[in-house]
Amino acid sequence: MFRSLVAEHQEMVLNTCYRFVFNRQDAEDLAQEVFVEVFRSLGQFREESKLSTWIYRIAVTKSLDHLRRLNRKKRFSSLKRVIGLADTADDIAAPSKNNPAEELAGNERLTVLQNALDTLPESQKIAFLLSKQDGYSNQEIADILETSVSAVESLVHRAKKNLHNKLYAYYKHH
Amino acid sequence: MKLINEKIELEVCKTLEVLDEIKPLEVQHIFRVKLMQRIDVDLKQKSSNRVVSRFDYRLAYMVLLLIINLGSAFVSLRQNADQSMKNIVQLADIQSDDYPAQEFAYYDQTTSYEHRLP
C-alpha cells in the first residue's frame, strides 16, 4: 500500500520541494524525508482532508523548515565572517551547475528571485509557489493552507505585487 | 527616465519568468530504492528502540525488587541485631554480677583482701 502511495505522489512531492529549494539534491532529500514522515504518521492520519493534501502539506512544511535552516546557517556564517571566524567549509553550497533552472536563467537571476521570495510572508510565498506548479488547483492550495479559495487568490495576487516591487527596487539599485 | 524604467521592468519580468521556465523534475528509479532502504533502517531502529525500552522497563523493575529485598533484609537484620545485643548485654550482666546484692559484697571484698596479701 505504501509503495503505491509513493508511486502515486512521488513526482508531485519532489517537484513541490524543488519549487521551494531550487536544488535537485536538496529536493530529493526532502522528498525522502516527506515519505519517511508519511510512513511514520500514516496511522495518525484522521482523514479530515484528502490523503494527497496531507502529504503535500508535509512537503511544504519540510521545505519551509529546510529554508529556515539554510537562512539560519547563512546568518551564522555571515556573523562568523564579521568576527573573523570564517570557515569556507561552513559556507552554504552554491546550487549545483547541473540544476536545470540555473542553466536556464543563470545563477544571479535565480539568487535574486530566491532572496525576494525569502522576504515574502510565508503564506504568500506558499500560495505563489504552489500556484506556479502544474497540478495544484486553487482549491488544493486552499486545502493545504487550510483557507478559502478567495483567500488563496488574494495571497497569490499580493505575492506577485510584492515580488514585483521588491525586484523593481533591487534592479533600480543594481 | 522612461527607458530606465522599461529596462528595470524587463529585468523584473525576466527574473519572474525563471519560475515559469523551471521544468518539472522526473523521479529517478533510485529514489524509491533509497526511500525503502531508509524506511527499513527506520523500522529496525524503531524495533531496537522498543526492545531497549522494554529491557529498561524490566531492568528498572528488577532493581526496584532488589532494593525492596535488600531493604527488608537490612531491617530484619537490624531488629535481630538489637535483640541479640540486648541478649548479650543481659548475659554479660548476669555473668559479671554474680553477687549484685549488698549482702554478698563480702565475697568481693574478701577477694580483694586476698589479692592484697603478699
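**Close-up views of a predicted two-chain model**

**View 1. Buried residues of helix 3 of chain A in the predicted model.** The buried positions in helix 3 of chain A are W54(A), I55(A), Y56(A), I58(A), A59(A), V60(A), K62(A) and S63(A). These buried residues pack against helix 1, helix 2, helix 6 (122-131) and helix 7 (138-145) of chain A. Helix 3 of chain A covers residues 51-82, 32 residues that should span 46 Å at 1.5 Å a residue; the end C-alpha atoms lie 47 Å apart, which agrees. Just after helix 3 of chain A comes G84(A), with a positive phi of about 80 degrees.

**View 2. The largest nonpolar core.** This core has 42 residues. Those with the most contacts inside the core are V13(A), C17(A), A31(A), V34(A), I55(A), A59(A) and A127(A). Two or more residues come from each of helix 1, helix 2, helix 3, helix 5, helix 6, helix 7 and helix 8 of chain A. Helix 1 of chain A gives the most, with 8 residues. Because domain 1 (1-95) and domain 2 (119-174) of chain A both give residues to this core, the core lies between them.

**View 3. Surroundings of A127(A).** A127(A) is one of the residues with the most contacts inside the largest nonpolar core. When neighbours within four places in sequence are left aside, A127(A) is in contact with I141(A), L145(A), V152(A), L155(A), V156(A) and A159(A).

**View 4. F22(A) in the loop between helix 1 and helix 2 of chain A.** F22(A) sits in the loop that runs between helix 1 and helix 2 of chain A. Its phi is near 55 degrees, a positive value in a residue other than glycine. F22(A) counts as buried because 20 C-beta neighbours fall inside 10 Å, and 20 or more is the cut-off for a buried residue.

**View 5. E47(A) in the loop between helix 2 and helix 3 of chain A.** The loop between helix 2 and helix 3 of chain A holds E47(A). E47(A) is not a glycine, yet has a positive phi of about 60 degrees. With 7 other C-beta atoms within 10 Å, E47(A) is exposed.

**View 6. The side of chain A that touches chain B.** Here 29 residues of chain A are in contact with 22 residues of chain B. On the chain A side, at least two residues each are supplied by helix 1 (2-21), helix 2 (24-41), helix 4 (100-105), helix 5 (107-118) and helix 8 (149-173). Helix 2 of chain A gives the most to this side, with 7 residues. By class, this side of chain A has 18 nonpolar, 4 polar and 7 charged residues. For the complex, the predictor gives an ipTM of 0.75 and a pTM of 0.68.

**View 7. Chain A as a whole.** Chain A has 8 helices and 0 strands. Of its 174 residues, 34% are buried. Among contacts in chain A between residues at least 6 apart in sequence, 62% join residues at least 24 apart.

**View 8. Confidence along chain B.** The average pLDDT of chain B is 79, and 77% of the residues score at least 70. Among the elements of chain B, helix 1 (residues 2-21) has the highest mean pLDDT (88), and helix 3 (residues 105-116) the lowest (54). Where pLDDT is low, the predicted coordinates should not be read in detail.

Technical notes. Residues are numbered from 1 along each chain as its sequence is written. Chains are lettered from A and ligands numbered from 1 in the order in which they are written. This is a predicted model: local features need pLDDT of at least 70, side-chain atom pairs count only at pLDDT 80 or more; totals for chains, interfaces and linings use all residues. Two residues are in contact if their C-beta atoms, placed from the backbone, lie within 7 Å. Helices (H or I, at least four residues) and strands (E, at least two) are DSSP runs, numbered from the N terminus. Ala, Val, Leu, Ile, Met, Phe, Trp, Tyr, Cys and Pro count as nonpolar, Asp, Glu, Lys and Arg as charged, and the others, Gly among them, as polar. The expected span of a helix is 1.5 Å times one less than its number of residues. A residue is buried if 20 or more other C-beta atoms lie within 10 Å of its own, exposed if 12 or fewer, and partly exposed in between; C-beta atoms are placed from the backbone. A nonpolar core is a set of buried Ala, Val, Leu, Ile, Met, Phe, Trp, Tyr and Cys residues joined through C-beta atoms within 7 Å. Domain bounds come from an automatic or database domain assignment. pLDDT is the predictor's confidence in each residue, from 0 to 100.
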